[in-house]
Amino acid sequence: MTARRIMTPAEIANWQVPPVPTGAPLAAARRRMEATGQWHKLQSMGRRFAMGCVALEVTQRCNLDCTLCYLSDHSEAVRDLPLPELFRRIDMIRDHYGPNTDVQVTGGDPTLRPRDELAAIVARIRDRGMRPALLTNGIRATPDLLAQLGQAGLVDVAFHVDMTQGRAGFATEAALNAIRLDYIARAAGLELAVMFNTTVFDGNFSQIPALAGFFVAQAAQVRLASFQLQAATGRGTAGASTTPITIESVSAQLRAGTGAPLRLAMPVGHGGCNRYAMTAVVNGAVHDLYDDDAVLAGLLDASAGTEFDRRRPWRAVAALAGALLARPGVVARTLPWATRKLWAMRRDLLAARLRVHKLSFFLHDFMDAGCLDCERIDACVFSVATAAGPVSMCLHNARRDAYILQPVATGRGWWDPLSGEVTAAKPSGGPVRLGPKTLKGRLKAARP
Ligand code: SF4
């Protein structure tokens with residue numbers, strides 16, 4: 001085991017985007033996992049995916065002011081990137097990671113962009129053979145907009161709802177369930193995989209079991225419950241946690257809330273960054289589907305090249321069955337496990353008339369901006385599309401201004417992020433001016 005090394009401030013400030021890796025994207029991902037000691041039989045990166053997810057920030061503006069916001073103090077002063085530049089970045093993501101890459105259309109809140117632009121961005125991602133997801137606080141995500149984006153090719157909608165957002169009148173996670181139910185209803189009838197993002201912080205840590213129970217109760221509509229752990233980065237005022245909020249402690253809360261002995265043992269990329277568990281919810285009871293490493297490794301291997309349609313669960317099951325047909329040895333090893341599982345579920349299966357819902361849990365432990373572990377950055381599976389190429393999200397957040405305040409070269413000249421104008425000469429940059437109404441996070445808190 002190598003010693004943990006933290007990036008120095010100079011290393012962070014001088015970091016340069018590496019060139020596009022040579023060879024097939026999947027092979028490049030595998031090399032990264034091997035180089036960082038993360039390659040093993042349960043590793044999906046380099047086996048199924050060349051990258052976990054790439055964030056495409058289509059605006060820096062937001063209509064909320066979260067206490068753990070990862071945006072910059074200066075984000076609200078930045079104009080929305082022109083569509084041609086976003087299209088160029090989408091093509092760049094495809095060049096880096098190939099088809100079937102998950103691209104998260106995010107911000108700020110992406111719904112602040114004109115809806116036709118948003119639809120064009122989603123369509124471009126889909127046209128390039130990748131999977132667009134929308135990450136939004138949901139305030140402007142009307143059923144109409146979701147339907148339009150679904151038509152344009154949207155695959156996932158991830159609603160970020162939690163107490164860090166300070167929504168007036170919703171003081172607890174239980175109270176926020178009313179908003180979550182409203183969002184679920186907005187996506188009803190659309191072919192979209194519905195996900196929820198929750199920031200786990202000092203203020204809601206004790207409420208996570210009840211929230212996990214809520215997601216279980218909504219398993220017919222919710223595909224994934226993702227939990228991001230408190231990190232001191234960006235303009236948010238909350239800073240680092242004072243209670244131990246770790247992958248282990250949050251996993252224990254999820255076990256308490258689901259009533260299932262979830263192992264959450266499957267890493268995605270670096271084991272210190274991400275954990276994943278897939279469950280089957282039957283008659284309200286949660287069954288861990290990732291509880292046997294040998295079975296999981298066999299299934300992972302057999303389905304390595306298979307594309308799963310998250311919007312249509314039965315097609316995903318059929319795709320897995322198709323992949324297994326070619327691997328009778330894996331089927332033979334899986335059958336005893338599947339029989340045990342079905343036996344354990346038998347009463348619930350009968351009570352639910354064989355209705356089974358898949359619900360996944362994801363834990364993402366972002367790093368504090370001042371404590372970036374070199375190995376985790378090198379093994380990062382969640383990057384941001386910058387003008388120069390994809391950058392680890394943790395690293396991006398630690399030096400966000402270096403990316404968002406940088407003029408962008410276009411075919412017609414230089415686009416200035418502060419004025420939105422294109423000029424022949426590269427803008428030299430200047431002081432960032434924010435009006436009192438646009439102050440958020442730390443700057444707002446520091447206002448006399
Ligand atoms: S964004 Fe940070 S926490 Fe997430 S995978 Fe990358 S390095 Fe790890």
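In this predicted model, Q228 stands opposite H364 of strand β10. The strand pairing around these residues joins β6, which covers residues 222-229, to β10, which covers residues 357-364, through five bridges, and the two strands run parallel. Strand β10 also pairs with β8 (residues 274-282), here in the antiparallel sense and over eight bridges.

| Strand pair | Bridges | Direction |
|---|---|---|
| β6 and β10 | five | parallel |
| β8 and β10 | eight | antiparallel |

Turning to the helices, the axes of α3 (residues 83-97) and α4 (residues 115-127) come within 10 Å and cross at roughly 20°. Since angles under 35 degrees count as roughly parallel, α3 and α4 are therefore roughly parallel to each other. Their crossing is right-handed. On the α3 side the contact is made by L83, L86, F87 and I90, and on the α4 side by E117, A120, I121, R124 and I125. Sorted by class, this contact of α3 with α4 contains seven nonpolar residues, two charged residues and no polar ones.

How are helices α9 and α11 oriented to each other? Helix α9 (residues 293-302) packs against helix α11 (residues 328-351) at an angle of about 140°, with the axes 10 Å apart, and the two helices are therefore oblique to each other. The crossing in which α9 passes α11 is left-handed. From α9, the residues A294, V295, G298, L299 and A302 meet V330, R333, T334 and W337 of α11. By class, the residues of this contact divide into six nonpolar, two polar and one charged.

The ligand is surrounded by 16 residues, of which C273, C380, F382, M393 and C394 are the closest. Helices α12 (374-378) and α13 (393-398) each supply at least two residues of this shell. The shell around the ligand comprises nine nonpolar, five polar and two charged residues.

Two places in the backbone deserve a separate look. Most residues other than glycine have a negative phi, and most peptide bonds are trans. N100, although not a glycine, has a positive phi of about 65°, and this residue is placed in the loop between α3 and β2. G107 and G108 are joined by a cis peptide bond with an omega of about 25°, and G108 lies in the loop between β2 (102-106) and α4.

Key: Residues are numbered from 1 along each chain as its sequence is written. This is a predicted model: local features need pLDDT of at least 70, side-chain atom pairs count only at pLDDT 80 or more; totals for chains, interfaces and linings use all residues. Axes are lines fitted to C-alpha atoms, for helices over the stretch in contact, and angles run from 0 to 180 degrees between N-to-C directions. Helices (H or I, at least four residues) and strands (E, at least two) are DSSP runs, numbered from the N terminus. Angles under 35 degrees count as roughly parallel, over 145 as roughly antiparallel, 65 to 115 as roughly perpendicular and the rest as oblique. A crossing is left-handed if the near helix is turned anticlockwise from the far one by less than a right angle, and right-handed if clockwise. Two residues are in contact if their C-beta atoms, placed from the backbone, lie within 7 Å. Ala, Val, Leu, Ile, Met, Phe, Trp, Tyr, Cys and Pro count as nonpolar, Asp, Glu, Lys and Arg as charged, and the others, Gly among them, as polar. A residue is near a molecule or strand if its C-beta atom, placed from the backbone, lies within 6 Å of it. Two strands pair if DSSP finds at least two bridges between them.
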